[in-house]
Amino acid sequence: MELRQLRYLVAVVEEGGFTRAAARLHLAQPGLSAQIRQLEKELGQSLLDRSGRSVTPTEVGRAVLPYARAALAAADAVRQTVDEHTGLLRGKVTLGLVSGATGHAFDVAAFLAEFHGAHPALEVALTEDTSERMQAALLAGEIDIALLGPTWEEPPPGLTHRTVIDVPLCAAVASGDPLLVPADRTTVPLAELRDRPLICLPRGTGVRAALERGCARAGFRPRVAFEAASPQVLAQFAARGLGVAVVPLGEAVPGPGGGLCSLRIVEPGLRARIVLAWPATGPASPAARALLERLRDTLPASPR
């Protein structure tokens, strides 16, 4: 009996068939079937029922599965213990990143390339989503660490975070817009946006949550005419006169031809934040702990 045969058995049961298990294991199906039959021959019992549309464990197979999984877990623990003592990290860690989260402040590709160079045996998966869904994924243990725009006023129980970006929200408009009168104006009260078509990030993002909370306190609902996932795209829409873009300070970059002006939103002042977030109990694996440590060194806390 070999560990790989136990791994094959578990994969076939979890996938419900040889074809999907072979694809998961990157093996040819005949070779996988032969290994399972060899295991059954050595044990003298059939472990899998192949008579139905899907492959299921026999009674003996069901009894064997917990021990097979325990053996595989023990082997993985031995490997991880050795790796920890030799300084070699293995495994997989998942980093969530809200689209356009850090702009030019954080070069994700350069960071991951440097981290991979330091830990070549470690697999890092990068996933992009809205901040709201990534908060839920962190709490559910589906991702390890995330850079997101918080939608909360108070952080939810179960999450720890550190702010890395904290800037005012601005109203970006095309030149000639009535909001730019008088010419020396640098701010705009939120109430002046009550009847204006707004261009903003989608629901589930930190910027949208901040806008909606601010408008509720000012006594109106924002009239969002256009949505886009990138602040730069919002600014381009505003430059074409399609509405007032609500963007973080510094993100209102005019396209060809220029003509885009920004006014800081006040009364109340709204802010865009990006935080580094992870479970309050700490990262679950040595790989995740190493990634968090490197991120904390790379992204110092942002003063407000």
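Analyst: Two strands pair if DSSP finds at least two bridges between them. Strands (E, at least two residues) and helices (H or I, at least four) are DSSP runs, numbered from the N terminus. This is a predicted model, in which local features need pLDDT of at least 70, side-chain atom pairs count only at pLDDT 80 or more, and totals for chains, interfaces and linings use all residues. Residues are numbered from 1 along each chain as its sequence is written, and side-chain values use heavy atoms, leaving out hydrogens and water.

User: In which sense do strand 3 and strand 5 pair?

Analyst: Strand 3 (residues 91-98) and strand 5 pair in the parallel sense, over three bridges. Leu95 stands opposite Ile145 in strand 5. With strand 12 (residues 271-279), strand 5 pairs in the antiparallel sense, also over three bridges, and there Leu147 stands opposite Leu276.

User: Which way do the residues of strand 5 point?

Analyst: In a regular strand the side chains alternate between the two faces of the sheet. In strand 5 (residues 145-148), Ile145 and Leu147 point one way, Ala146 and Leu148 the other. All are buried, meaning under 20% relative accessible area with a 1.4 Å probe, protein chains only.

User: What is Leu295 in contact with, beyond its neighbours within four places in sequence?

Analyst: Contact means heavy atoms within 4.5 Å. Leaving those neighbours aside, Leu295 is in contact with Leu95, Phe106, Phe111, Ile145, Arg162 and Leu276.

Terms used. Buried < 20%, exposed > 50% of the residue type's maximum accessible area, 1.4 Å probe, protein only.
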